[in-house]
Amino acid sequence: CTSAARAGVLYGTCRDILELFRILTPVVNRVDLEIPKVAMQLHNDCLYISQHCLTMAHIYRRNFPRSLSDRIVTVDQVPLLRDLGDKVFRDQVRQKKRQIEETFSSSNYYELESEAEDVLEMLQSSTKECLKIIKDVSSQWNVLPVEAFDSALKTLKTEVLRLVIEVLTLQNQNFRPTSDLQILQLRSLLKDVLTETTAADNENAEKVKQIISILTPTLTGSILKDEIAYGNLSNLTESEQKG
């Protein structure tokens, strides 16, 4: 830049563009942002632009007249852009968590006084629907960075496991598997959820084992009961896959 006035205009224009992007994009594209892939792409854009804002002023400062060079700054836009990206990300995850919760609540588990077979059937149906929701959204969230993608999916999958455990806990007084077939069904259900929720998550695996041991006290002689209640479910999954 050869003119301080022109340099000032260029700098002001640059900042205006950044602010217009941050303020107008969520408003102008509010309908499109209902699409998971579009929303997560905006999250990525915010992170990308904020990363450049960290060094942009430093890189181009030498091209500005000395009277302006000390006042050139873009780093102040970084937290604003990151906040926007974080909000979009959290809103998406929150929306899908709500959808998962609604899938379970629609089955009226909390008012249910049914036989074990009915509870298992309803749980299997709800869980299958929730895992389908996660599978569908994962194909759209795959534009995210790997760490953010894994974090988002783990949040949803852990929510499914939490709801399954909550239902089984609430049903503890009414729900008592009384046959090996029902134990197999329960075992299969929890194994599927645990596999989908990261088999290496020891905390979740321990919760599942505790629930199984609580729900099956009457089957003390069952080898299957002991295998589920006290075995490592992640290893159990691996051994079954090999078998």
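Me: How many disulfides does the structure hold?
Reply: Happy to start there, keeping in mind that this is a predicted model. A disulfide needs two cysteine sulfur atoms within 2.5 Å. The sulfur of C14 has its closest cysteine sulfur in C53, 7.2 Å away, which is too far for a bond. The number of disulfides in the structure is zero.

Me: Is C130 buried or exposed?
Reply: Buried means under 20% relative accessible area. C130 has a relative accessibility of 0%, so C130 counts as buried.

Me: And what is the relative accessible area of C14?
Reply: Partly exposed residues fall between the 20% limit for buried and the 50% limit for exposed. C14 is one of these partly exposed residues, and its relative accessible area is 25%.

Me: Which residues is S50 in contact with, leaving aside its neighbours within four places in sequence?
Reply: Good one to look up in the viewer! S50 sits in helix α2, which covers residues 36–53. S50 has a relative accessible area of 1%, so S50 is buried. With those sequence neighbours set aside, its contacts are V78, L81 and R82.

Methods. Residues are numbered from 1 along each chain as its sequence is written. This is a predicted model: local features need pLDDT of at least 70, side-chain atom pairs count only at pLDDT 80 or more; totals for chains, interfaces and linings use all residues. Side-chain values use heavy atoms; hydrogens and water are left out. Buried means under 20% relative accessible area, exposed over 50%, partly exposed in between (1.4 Å probe, protein chains only). Helices (H or I, at least four residues) and strands (E, at least two) are DSSP runs, numbered from the N terminus. Contact means heavy atoms within 4.5 Å.
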